[in-house]
Structures are given as structure tokens and as C-alpha cells.
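Dear colleague,

I am handing over the structure below, and after it you will find an account of what turned up in it. Please keep it open beside this message as you read.

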Amino acid sequence: MPTETYEYQVEARQLLQLMIHSVYSHKDVFLRELVSNASDALDKLRLAALRDDAPDADTSDLHIEIEVDKEARTLTVRDNGIGMSYDEVGRLIGTIANSGTAEFLRELREAKDTGGAEGLIGQFGVGFYSGFMAADEMTLVTRRAGESQGTRWSSRGEGTYTLEAVDEAPQGTAVTLYLKPADPENQLHDYTAPWKIREIVKRYSDFITWPIRMVPEKGEGDEPAAGPETLNSMKALWARSRDEVSDDEYHELYKHISHDWRAPLETVRLQAEGTFEYQALLFLPEHAPHDLFTQNHQRGLQLYVKRVLIMDDCEALLPPYLRFVKGVVDAQDLSLNVSREILQQDRHIMMIQRRLTKKVLSAIKDMRAADAERYATFWQEFGAVLKEGLITDSDNRDAILAVASFEGTHGEGEPTTLQEYAERMKDGQDDIYFITGESRQNIENSPHMEAFRAKGVEVLLLTDPVDEVWVDAVGEFQGKRLRSVAKGEIDLGTDTDEGTDEEKEKRSEEYAGLLGWMKEQLAEDVKDVRLSSRLTVSPACVVSDADDLTPALENMYRAMGQEVPTSKRILELNPGHPLVRGLNQAYEASADRSELTDTAELLHGLAVLAEGGHPKEPARFVKLVADRMGRTL
């Protein structure tokens, strides 16, 4: 048959130019695409041989071969797979984005032969044309297994391509690229360099089932050439059963993926079967990276489609609060865009995310039950980020609470869960109490804790910034309200020094004048002044109203650039403290109370300092203290 020249359609020419110049962000991926197509062809031949559809095919040494010629500046990728007939080349290669693999899978489904789906990926025509990113001209020589005649195709990626029949062609397909000059500034490397070939295959195609061999350069003179070099490991650890893989192999893969020199804390395997199949191998690190809470933190799992790397950091596979998890997901079939690089947000991705999230949380729960020491290490490193899920992931909130632990006043610094707290609650206690702050030492010594300590009521000590937010988002646990000891009025019962209801009413009347006067004097800073039921040692404390934001939360929102009005606090006085008793007596005895105004201001400033805050006017506060101290000497 003579050589025939064909023109691309107008739409095809436009798409071809887009493919060459715009679609791929890294030009190296052309080799990944050609290797993937070769792998598809080998998969198809293996299946055809199993079905006796290719009785004359040679399946003795199925492999992919890469050969370079530095002088001619060519790169050839060949396989001894299923190959193509003359008509198939015209239909599949001559029409951009016509997927031979997709047609093959559809025929396979119609035949109800599900076993053939293994190993088939991608859109052959599209991936093939990515070679023009690196080449001025491409030729393809192919012969379908079982046929005697081959086909040659060639094109410069412009307006036309040629087709001709050839008498001699080996089984399979060979694609030769006539490479453009290297241009490192535009990420166009020298693809005749063996080190570059090794790098690309190792990065994208290391786990492909078939051996990828690089043909060595010819020896000088009579020196024999070395044997071909196999570039890929073919060891997809996630595709092998657990008893076939050593811990050292898992650890090496983790180090390769995460660039962490330490071994992982936990390895999580998952294999999903059914209508949508995928495998996952995930790792929980032992230490948090330094940039875990920065916007520049690189998160996401490596996404493979049938062992071919599609995305290095696929963020869609796990929610942000699991951004510390490293690993690999290998799917049988996914909806990919034209370049394989950008994943469409379809139901399969959401399905994977839901399943992986539940699997990771389950693994953390198992770790907590089986190995308290390893769990403690994990929670210290990643507890703060995991608690973000209590705000953002209501579907898995119960599962996160089940693995979350918190410091508290029960025991000697041993962390506790909400479930354990609920089981220890005193008779008549309806709420789970907590306090937030910058450190355990600060909040343990807070005035808000005094009555709880005196009565032996357990309080959770929450010191992560995210704790300010999630307690409001969660609200309750098993019907028990989460209550801050620093907000609203607290009633812990009347079984201590507070006296009977009659005595409390009498005390309220006794201090009513002072409370009303102080409210007027401190009107710019507080919304109310009242007697406290939470103080036993300190003279005063400031608390927030039950529905107000805490000062720490206000500051957090302002740091994020949000305008938040300042909420006035409530000043609570301890009627049993000598300072408060003396202030009340002075108020009752004096007609001129101007001297007492400074004392009221000092008392409020001391209460603000005691909870870790700052007086509104530090210089004035210091002067008042110094003047008062001077009078006592």
C-alpha cells in the first residue's frame, strides 16, 4: 500500500496545539504517557492470550524498552504488546482523544468479563500526542499480535500525518521521537541523557507491573555493549498481601514519599473491592512537620491509576484535618481530565475520601486501645490538628471525639476522654466542665478553678487555640452540656460554706449597695458586678456571659482579619475575702467614696491579671499599685 497523507480536522488541530503548549505543567510527563500506553498494550495482550484471542502471539518476555540515540537525538519507547492494525492506527492515533482503552473496557463490560479490567488506564490518543512537547516529529511502527503486516505512522504535529503499510515490523508498538533541542529554561530537558530517563521512570512509573528496560549505548570499537538495565522496581507494596511485605519495606516507602528520615508511627492498609476498586497504603508520622499549621504546608496523598503516578499531592483524598497523613492511593479507574494531571471532583473521589477518613480514625482508635505510649506520642504531635475536624466534619465528629483525649484535673496529669469523664461525673452533676487557656499551669491556678478544686469537681484543661472553637461547635456529649468554668453563673450546690438560701439572700442585700456603685464606676469595662459562687481564695475574677465570646476567641478572630466588637465582661467578687469585706465596710461607712474608686479599679485590674489578661491602661494600673503600696510603708 502506498503512503497516504491525511489532514487533521480543524478542531483536532486546535486541540493538538493546546496539548503541546498548554495542557501539561511538566513536559517530563510525555514519557510517563508513552510508558503507560505501552503498559496498556501489554495488559491487553496478556488478556487476549488468556482468552485465546491471539493464538500466534509471543508472550514469553513481555516488557517495555527505552532506547536513545544521542547523535540522531531520538528517543524510542517500544513494547511487545497487542499492537495495532492499519485501521486501528488511523482510528486511534489519527483521532485525538479517542480512547482505545475506553472502548476496550466498554466491550469488556458488555461481555461481562470483569477480570479484564485490571491494568487498563488512560486515553491512548491523548497521551500519545503529549510527545510533541519534546519532539519536532514522531513516528510509530506497530504490528498487531497474530497479524503479518505492520503499519507506520508519522507526523510533525502540525496539519497532517501519514500512514503506510510495512512488511517487516516486530509484534507490538515502537514510538520514536525526534527530539527538540534541550531548553532547560522552559523545562525542556535533554531526554537522551540516561540519568534523566531513569529519574522520570522512577518518579512516575516505578510500580508498573511490566519491566521497563533501558537499552545501553553501544560499546566503543569491539567492546561489547552491556545488557539492558531494568529501571523500575515493579514493587507496588500496596498490591501485595501484608505477610509478603516486611516492615522495613513499608518504612522505606514512607521515607521516599514523606522525605522523613524517621520510621512511621503506624501503617494503615485498605483494599476496596466492588463496583469501584482501589487500594491505599497510608502512614501516620511520628513527628509533626514544622509547617503543619502554615498555609504553605504541602498536603495530600500520592494518587496512582493502575500504578501510574497521576498526582503527587492529591488534597481531595483526605480532609484538611488529616493533612499529616502520608501515603498512596492506587485506583483502578478514575475520571481524569485530558492531561491526567487534574482530578475531577466526582463521586468516586468523595467515596475514597469518606472511606479513608473512617479508616484513619479507626486506626487511631485501635492504637489508643492497644498501645497507650504510641497513642500518647501521636496525640501530642497531631491532637491539635485532628481537633479541627470537630469543627469542620460533623459526619465524623463522634469518631473524632472517640479518639480525642484531654488533660484534666483527674489523676496525675493523665489525659482523659469525654467518655471517661462522663463515667466519673458526680451525682447530680449535669455538665462537663472545661477551661481554656495558654498553658496548664496558667489555667490550673486560675481563680475560676477555686470552687471546682474545693469541691473535687473534675475540669478539662484545654490549651490548644482550636479548643476555643470546637467546644462551641460540639456543644454537648451524650446529652451532657460542655460548660466553661469562666462563663455564665456556676452553681455547684449548697453543701459547703455558701450557706442556706436565706443566708445567701441576706449576703446579697448586704453587698447590694457596693455592687451597684462599682457597676457605675466600672461601666466602661464591665457590664455587671455580682457576688461569686466560684471563688474561695481570690478576691475577684472576671467572667464572660454565657453566650459571649471569650477574650482569647476575640483575639483569634482579629488575628484572622475579622472585625469583632469587644464584649464587656462581668466582675465577680468573693464576699468571704478580707479585701472585699473591707471594701464593703468602707463603702457603708463613708459618704465621700472618691478614695474607693481607685480601689475598685485596682480590684478589677487584679482580676484581669489573674486570668492572664492585661489591664486596659497598664501605666495607670502600675501607678495606682505603687501609690497604694507607698501609703502602707
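This is a predicted model: local features need pLDDT of at least 70, side-chain atom pairs count only at pLDDT 80 or more; totals for chains, interfaces and linings use all residues.

**Charges over rings**

Arginine 368 lies over the face of tyrosine 375, and the distance to the ring centre is 5.4 Å.

**Aromatic pairs**

A pair of aromatic rings is described by how far apart the centres are and by the angle between the planes. With rings counted as paired if their centres lie within 6.5 Å, the count comes to 19 aromatic pairs. In one of them, the ring centres of phenylalanine 30 and tyrosine 191 are 4.9 Å apart and the planes stand at 80 degrees, so this pair is edge-to-face, given that planes over 60 degrees apart are classed that way. Phenylalanine 30 belongs to helix H2 (residues 29-50), whereas tyrosine 191 sits in the loop between strand S7 (172-179) and helix H6 (194-204), so the pair ties together parts that are 161 residues apart in sequence. Are these two residues, phenylalanine 30 and tyrosine 191, buried or exposed? Both phenylalanine 30 and tyrosine 191 are buried.

Phenylalanine 128 and tryptophan 153 make another edge-to-face pair, because their ring centres are 5.2 Å apart and their planes are at 75 degrees. Here helix H5 (residues 124-129) holds phenylalanine 128 and strand S5 (residues 150-155) holds tryptophan 153, so the pair ties together parts that are 25 residues apart in sequence. Phenylalanine 128 has a relative accessible area of 0% and is therefore buried, and tryptophan 153, with a relative accessible area of 0%, is buried as well. These two residues also belong to one aromatic cluster, formed by Tyr6, Phe128, Tyr129, Phe132, Trp153 and Tyr161.

Strands of a sheet pair through backbone hydrogen bonds, in either a parallel or an antiparallel way. In this model, 5 strands form an open sheet in the order S10-S11-S14-S12-S13, with mixed pairing. Strand S10 (266-272) and strand S13 (308-314) are the edge strands, each pairing on one side only, and from one strand to the next the twist averages 15 degrees. Within the sheet, strand S12 (residues 301-305) pairs with strand S14 (residues 326-331) in the parallel sense over 4 bridges, and tyrosine 304 stands opposite aspartate 330 in S14. Helix H6 lies across S12 and S13, and H6 runs at about 70 degrees to S13.

Methods. Residues are numbered from 1 along each chain as its sequence is written. Side-chain values use heavy atoms; hydrogens and water are left out. Rings of Phe, Tyr and Trp (its six-membered ring) pair if their centres lie within 6.5 Å; planes under 30 degrees apart count as stacked, over 60 as edge-to-face and the rest as tilted. Helices (H or I, at least four residues) and strands (E, at least two) are DSSP runs, numbered from the N terminus. Buried means under 20% relative accessible area, exposed over 50%, partly exposed in between (1.4 Å probe, protein chains only). A charge sits over a ring if NZ of Lys or CZ of Arg is within 6 Å of the ring centre and within 35 degrees of the ring normal. Two strands pair if DSSP finds at least two bridges between them. Axes are lines fitted to C-alpha atoms, for helices over the stretch in contact, and angles run from 0 to 180 degrees between N-to-C directions. Contact means heavy atoms within 4.5 Å.
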